[in-house]
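Hello,

Here is the structure we talked about handing over. Please open it first, then read the notes below.

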Amino acid sequence: MIPSAPSLHCHILTLIPEIWHSFTHGVIERAKRQGIWQSKLWNVRDFSDRPDKRVDDRPFAGSPGMVLQTQPLEK
């Protein structure tokens, strides 16, 4: 560990936690091993009260795109 290096703490909210496993190689992994940065993955679906674990909502005014519900994000 580099003694004077500040540690960056990243909280990552995601719908697809499996995609973040690619951060176990290269420069990012070396920085993790040296204590330069840390990460915590949060699967937004784990905080949904719906039985189907959906977290998306309808877009406003019919525009395209994905809108997340506020309930799982608040939890």
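**What was found**

Asp56 is partly exposed, because its relative accessibility is 26%. Keep in mind that this is a predicted model.

Asp56 also has a charged partner. Its side chain meets that of Arg54 in a salt bridge, at 3.2 Å from N to O. Arg54 is partly exposed too, with 38% relative accessibility.

The structure holds 3 salt bridges. Another one joins the side chains of Asp52 and Arg50, with 3.0 Å from N to O. Asp52 counts as partly exposed at a relative accessible area of 43%. For Arg50 the value is 31%, so Arg50 is partly exposed as well.

Then there is Lys75 with Asp49. In this salt bridge the closest N and O atoms are 2.4 Å apart. The pair links distant parts of the chain, 26 residues apart. Lys75 sits in the segment after α2, while Asp49 sits in the loop between β2 (37-43) and β3 (56-57). Lys75 is exposed, at 54% relative accessible area. Asp49 is exposed at 53%.

Next, the rings. The structure holds 1 aromatic pair. Trp42 is partly exposed, with 31% relative accessibility. Phe47 is partly exposed, with a relative accessible area of 26%. Trp42 has a charged neighbour: Lys40 lies over its face, at 4.7 Å from the ring centre.

Phe47 leads on to helix α2. Glu74 lies in that helix, which covers residues 70-74. Glu74 and Phe47 are 27 residues apart in sequence, yet their C-alpha atoms are 8.8 Å apart in space. Is Glu74 buried or exposed? Glu74 is exposed, because its relative accessible area is 67% and the cut-off for exposed is over 50%.

Last, a residue to look at in helix α1. Glu29 lies there, within residues 26-33. Which side chain of opposite charge is nearest to Glu29? That is Arg33, 4.6 Å away. Glu29 is buried yet has no salt bridge. The reason is the cut-off: a salt bridge needs the nitrogen within 4 Å of the carboxyl oxygen. Leaving out residues up to four places away in sequence, Glu29 touches Phe23 and Thr24.

Best wishes

Conventions:
Residues numbered from 1 in each chain as written. Predicted model: local features only at pLDDT ≥ 70, side-chain atom pairs only at ≥ 80, totals over all residues. Heavy atoms only, no water. Helix = DSSP H or I, 4+ residues; strand = E, 2+ residues; numbered from the N terminus. Buried < 20%, exposed > 50% of the residue type's maximum accessible area, 1.4 Å probe, protein only. Phe/Tyr/Trp six-rings, centres within 6.5 Å; stacked < 30°, edge-to-face > 60°. Lys NZ or Arg CZ within 6 Å of the ring centre and 35° of its normal. Lys, Arg positive; Asp, Glu negative; His and termini not counted. Contact = heavy atoms within 4.5 Å.
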